[in-house]
Amino acid sequence: MSQQNLPLTRNSFGHLMFTDGEGKAHLITPVRAFPIAAPAENIGLINSDGEEVAWIERLTDLDEAPRRLIEEEMASREFIPVIQRIHRVSSFACPSTWEIETDRGATSMVLKGEEDIRRLTSPALMIADSRGINFLIRDRYALDAHSKRLLDRFL
Amino acid sequence: MNSQLNSQSAPLPSAYSDYLGPAVPDAWRTRLDPALESGEKVLASLVLDLDSQLHFRNGLVALTNRRLIAWSEAGETWQSWPFRDSQSLRHKDHAGVASLDLVDVDGKLAGWRFTLAQDPAARNLADRFKAQLECVLAGRQPQPPEPLTCPTCDAPLPPGTDECPTCAREIHTPPSTWTLFRLWRFAQPYKKQLLAGFILTLVSTAATLVPPYLTMPLMDEVLIPFQNGQPIDSVKVMTLLSGLLVAAVFAWGLGWAKTFILALVSERIGADLRTTTYEHLQGLSLEYFGGKRTGDLMSRIGAETDRICLFLSMNLLDFATDVLMITMTAVILVSINPWLALVTLVPLPFIAWLIHTVRDKLRYGFEQVDRVWSEVTSVLADTIPGIRVVKAFAQEKREVARFREANARNLAVNDRVNKVWSVFSPTVTLMTEIGLLIVWGFGIWLVSKNDVTVGTLAAFIAYISRFYTRLDSMSRIVSVTQKAAAGAKRIFDILDHVSSVPDPATPQHLPKVTGAIEVKRVGFRYGNRTILRGVDLNIAPGEMIGLVGHSGSGKSTLVNLICRFYDVTDGSIRIEGMDIRSVPVSEYRRNIGLVLQEPFLFFGTIAENIAYGKPDATREEIIAAARAAHAHDFILRLPQGYDSLVGERGQALSGGERQRISIARALLIDPRILILDEATSAVDTETEMEIQAALENLIRGRTTIAIAHRLSTLRKADRLVVLDRGQIVEIGNHDTLMEKQGAYFRLYEAQTRKLDDDAIGGEPRVPEHREHASA
């Protein structure tokens, strides 16, 4: 796998710019094709018209500089907090307010209905809250006993 | 550009006199107030719940009449941006996170992140920023802003909040855990029958308690004297025996009456519950159905109501009888001999404790059993309608495996519940035996001391053997109550769900509808995806609008919003100048005719299907509608004509035929507004021509909004509206849009190119748009 250098820059508005083979600059957004199953692979660079201008097979194939730019950009756009612990739930009937600990800090969320807990490829779960934030549980069997017991009541 | 601020001037209370929007939390007030200059007024604020790295952390952005200030996490100070020319606030959202960026011509000055919960506040801040900046730069006095309205129900928000009190309550209040008591709402109409049933239960239970009491004189006054050498008093024996018989017959009659009355009532409660749930379900918005699986909903309405009904008629009744019997028995026992009664009652609290501990475990288990069970039915509901796809891809084995897996999960959960459950019953039986043992032992001791007679002991044994068996059956109430409560919860989950397209509290009524529709700054978000934003469109009465755009550009969503299948997230849709949310839903929809891509025919005759929107239509009206829809001829060719059965189990009709029936259905209600959602997409071009002719009859004189993938179908449209990623990019008729060489031109080119390619490969055909292009 050869290292790949992508002509990427960040403009003063904070947007990522990509210069294609013909020297044309595109305002681009990196988009993961498999955000949960394979986050570091298959990343598309999409321009403002929604067209794909470049495709990255693997992030690790990229040079340090463009990789950092893409990772930064994705980190600032992507928001799927991973639930690490469930402290407390207000009730076992929905809607229920959960006090949780995530990789992005402690917060609370309102679960509107059990159907908002979606089973991804086992053992992952995706939980959508009333604000539209998607919370991820990577491995529901790996949670601590307390969280597991609370979670089980909703599954 | 950023200036550090010193806290010096004490803020005046008037600093918030022009404030609008969600109030600044007190915790922030203590920081914000000292940062204000004297005479500076806070106009709006935004509490941030995320930081720039998207961690959950609080922050604040505030707009004053002079500048924008924000708390900097890094410096622990306020940063400020005084108003300057060409500044603007850019508001965006993506995947559940919104951002607000302050930019000028040279670049980004600052940016903030927050969740969509703060979105209304951010919008308010951005709007006021724009207005204030313009005024400051022009040196004008700013206009007092309009009060904010709730994005869901359009009611004005109380000052200082961004949540509508009614809408917020619906989201955050969990239903009470005493779910079963909520069934009282359904029991109320049957109060009299229930009272009668209760009295009958009381009396019949009392009647069953008479026989053991009679064993006492039978033993002490007949049998023991006989053993001691006295002759049997046959009159006494006859009296006692007939007393036993009368009590038994009496208990039988009363028991029959009470069971019958209460079963009758519970059956009716169950039926009411079912109907109410279904009725409520029909009132819910499409959003609800989008998120639920058909199998799950079907099982809730069918199986759960049945279970609740069974619980009310059998288990609850038994339980009430048991409680009565235990209380009465206890009273009788105490009145006979308090000491022996005390010993008899000793195991009772212990058994009660046992019941209590198992309760939680079982409830949880049974809830899981329910859920797993609907998972099994969901697999069925998923695959049986899709059976053609399953077979076409030869995936039968995989689907069977999926079903087996769901079943295996069902077994696993059931096994776990049964493990607890199976220990439970024998334990109660063991308690009973031990209890009896204690009573025997203590009783014999009392008899030996001549404290009680043998008859009394015999009566006690007779009573408590009943008593304990009741406890055993009472313990069963635990599981059935939990099952019924879980079922009731699932029913009330539906009943508690408030339609997201609510009928207005104070409905206004539509004047005569001419068909004028005004779409004003409409935005729509589904989950965390923004589908439409800032859509403005005025549609004149009788105008035909064609909606054009790539798939996913928001065409169908816009139409769904106009039909009010969903409510807009921002902005409003007005008909005849009235917000559609202020008009009762059914009254509004009566004015809309809808023809969908996949026409759905219900099981029934063709005539019934055509008259679906107007069940009292005469035969002549039905025929007239069918003629206008060019459906009359093919209907007459069917062996049973208009009486032919169609729908899931009925006559097979072609796509074009079904579509024409659905056009006739729309024609019959004579709507002022007509919506054609890809009405001709599912059929071949020849059938499309037939349908087109039918559609022309339908469109005449009505406001029409048509979505079509084939642009040729829209050549009659007065205006074409081109949507791209949720926004209107072009409006105009075919010719002007072609001249403009913009988005429409590209779409059109792409399609004609495709048609030409087809023409080269297949039969040559003349594109239908040619006549229009030359006209």
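The dialogue below goes through some features of this predicted model one by one.

Q: How are the residues, chains and ligands numbered or lettered, and what limits apply to a predicted model?

A: Residues are numbered from 1 along each chain as its sequence is written, while chains are lettered from A and ligands numbered from 1 in the order in which they are written. Since this is a predicted model, local features need pLDDT of at least 70 and side-chain atom pairs count only at pLDDT 80 or more, whereas totals for chains, interfaces and linings use all residues.

Q: What does the secondary structure of chain A come to?

A: Helices (H or I, at least four residues) and strands (E, at least two) are DSSP runs, numbered from the N terminus. In chain A there are 2 helices and 11 strands, and from the N terminus on they follow the order β-β-β-β-β-α-β-β-β-β-β-β-α.

Q: How many of the residues of chain A count as buried?

A: A residue is buried if 20 or more other C-beta atoms lie within 10 Å of its own, exposed if 12 or fewer, and partly exposed in between, with the C-beta atoms placed from the backbone. Chain A has 155 residues, of which 21% count as buried.

Q: Why does B:Ala626 count as buried, and which residues does B:Ala626 touch?

A: B:Ala626, which is found in helix H18 (residues 619-628) of chain B, counts as buried because 27 C-beta neighbours lie inside 10 Å. For touching, the rule is that two residues are in contact if their C-beta atoms, placed from the backbone, lie within 7 Å. Leaving out residues up to four places away in sequence, B:Ala626 touches B:Ile610, B:Ala631, B:His632, B:Ile635 and B:Ala664. B:Tyr642 is 16 residues from B:Ala626 in sequence, and the two are 9.8 Å apart in space, C-alpha to C-alpha.

Q: How many residues does each chain give to the contact between chain A and chain B?

A: Chain B gives 29 residues and chain A gives 29 residues. On the side of chain B that touches chain A, the elements with two or more residues are strand E2 (56-64), strand E6 (97-104), strand E7 (107-115), helix H3 (165-172) and helix H14 (454-496) of chain B, and the largest share, 4 residues, comes from E7(B). To sort residues by class, Ala, Val, Leu, Ile, Met, Phe, Trp, Tyr, Cys and Pro count as nonpolar, Asp, Glu, Lys and Arg as charged, and the others, Gly among them, as polar. By this sorting, the side of chain B that touches chain A has 11 nonpolar, 11 polar and 7 charged residues.

Q: How are two packed helices described?

A: Two packed helices are described by the angle between their axes and the distance between the axes. Axes are lines fitted to C-alpha atoms, for helices over the stretch in contact, and angles run from 0 to 180 degrees between N-to-C directions. Angles under 35 degrees count as roughly parallel, over 145 as roughly antiparallel, 65 to 115 as roughly perpendicular and the rest as oblique. Helix H20 (residues 655-668) and helix H21 (residues 685-699) of chain B pack at about 5°, with their axes 10 Å apart, which makes H20(B) roughly parallel to H21(B). Their contact has 7 nonpolar, 4 polar and 2 charged residues.

Q: At what angle do helix H6 and helix H7 of chain B cross?

A: The axes of H6(B) (residues 210-227) and H7(B) (residues 234-283) cross at roughly 170° and come within 9 Å, so H6(B) and H7(B) are roughly antiparallel to each other. The contact of H6(B) with H7(B) divides into 11 nonpolar, 1 polar and 2 charged residues.

Q: What is the order of the strands in the open sheet of chain B, and which strands stand at the edges?

A: Two strands pair if DSSP finds at least two bridges between them. The open sheet has 6 strands in the order E13-E16-E17-E10-E18-E19 (chain B), with mixed pairing. Strand E13 (592-595) and strand E19 (727-732) of chain B stand at the edges, each with a single partner strand, so one side of each is left without a neighbour in the sheet. From one strand to the next, the twist averages 20°. Strand E18 (residues 719-724) of chain B pairs with E19(B) in the antiparallel sense over 5 bridges, and B:Val722 stands opposite B:Glu730 in E19(B).
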